[in-house]
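Thanks, everyone. Today I would like to walk through the surroundings of two ligands, and I will give the cut-offs as we go.

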Amino acid sequence: MRRIGVLTSGGDAPGMNAAIRATVRYALSCGIEVYGIECGYDGMVKGNVFPMDSRSVSDTIQKGGTILKTARCPEFLQKETRRQAYDVLQAFGIEGLVVIGGDGSFRGMKDLYDDFGVPCVGIPGTIDNDLAYTDYTLGFDTAVNTVLSAVNNVRDTMTAHNRACIIEVMGRKCGDIAVYAGLAGGAEIILVPEIPMDLDKVVKTIKQDRIKGKNSVIIILAEGVCPCATLKEQILERISDLSIRTVKLGYIQRGGAPSMADRILAAKCAVKAVDLLKKEDCGGKVVGIKNNEIIDLTIDEALAVPRRFDKDLYKVATILGK
Ligand code: ADP
Ligand code: F6P
């Protein structure tokens, strides 16, 4: 392999820059040239491609977002668009790809590999932690720490006023951000899409917490359950004298400097990705981390792993919040 391309796709996540940097510098150390592709698959189709060197990634390891920009490119679902992207790769002499993104980005990579045989390796990059084949995705640890810091701050002011607060967090259909931040932040109630919400139980818990003498109630609500305003209304219909507030953390939890864990994961995944691309029979792969070991699977194998939800951890979080 003489030249590879690197791109970020889908929602950005802290640690993507650390992964780009590691890809560029490790590939160069192996004698492989690296081209950056801007704005994900959109940039690949449009030919927004440029050579990168060690200095292109200076002063980036600590930054959130992605220096390569990211985009969603629905046209990439059509083979004709992917053919245009393949022509661009050919024109730039790009023989393999590192794709940093989530489930959708991996599906795009799989299609590109199935259609045109472009060797490619995916690095899991999304705050949602919704890729079942890997224990963690890049950005998850940082996002949870950001949520945690917000939970701590909200707790102070809720306690001062004897209030309850619903804190809505991201994650699409995955409740991992809510469970990890809820457990680490001592939330009284954690609501996730994987467990159907029982409003009676939520109301009962709040009432009991007041009787127990708790002077604040933190409810961590994953966005995949319902909007925080809806839940607030439902709770007030049942406990009309409750002083309750809502905070939707939104994009605050998607930006920011990556944590140590995300930077290390980024470096390890990038090195593995480049090592795989160096092999003749690389094919279409993804890398990840399982039981603290860096692993690789074919894209098909990875996408076939059923979604898992750590019910035991959820149960622990619920017990400890009482
Ligand atoms: P993520 O990678 O974070 O899951 P998206 O689901 O938005 O983000 O996907 C990112 C991009 O990947 C999409 O905009 C599209 O270009 C490409 N993509 C997603 N699903 C497919 C698919 N089934 N086939 C081809 N390309 C896809
Ligand atoms: O996938 C990452 C994520 O931040 C999700 O948690 C959230 O639902 C979504 O992206 C928001 O996407 P957008 O950038 O399109 O608002």
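Let me begin with a term: a polar contact is a pair of N or O atoms within 3.5 Å, and within protein one atom must be able to donate a hydrogen and the other to accept it, while residues adjacent in sequence count only if both atoms are side-chain atoms. This is a predicted model, in which local features need pLDDT of at least 70 and side-chain atom pairs count only at pLDDT 80 or more, whereas totals for chains, interfaces and linings use all residues. Residues are numbered from 1 along each chain as its sequence is written, chains are lettered from A and ligands numbered from 1 in the order in which they are written, and side-chain values use heavy atoms, with hydrogens and water left out.

Ligand 1 is surrounded by 15 residues, the closest being R72, C73, G104, S105 and D111, where a residue is near if one of its heavy atoms lies within 4 Å. Helix α4, residues 103-116, supplies the largest share of that shell, six residues; helices here are DSSP runs of H or I with at least four residues, numbered from the N terminus.

The side chain of D111 places an N or O atom 2.8 Å from a nitrogen atom of ligand 1. Taken alone, ligand 1 exposes 560 Å², of which the protein buries 82%, by the Shrake-Rupley method with a 1.4 Å probe.

Around ligand 2 we find, among others, R72, D128, E223 and Y251. An oxygen atom of ligand 2 is 2.8 Å from a side-chain N or O atom of R72, while polar side-chain atoms lie 2.7 Å from a ligand oxygen for D128 and 2.5 Å for E223. Of the 400 Å² of accessible area that ligand 2 has on its own, the protein covers 76%.

How values were computed: Helices (H or I, at least four residues) and strands (E, at least two) are DSSP runs, numbered from the N terminus.
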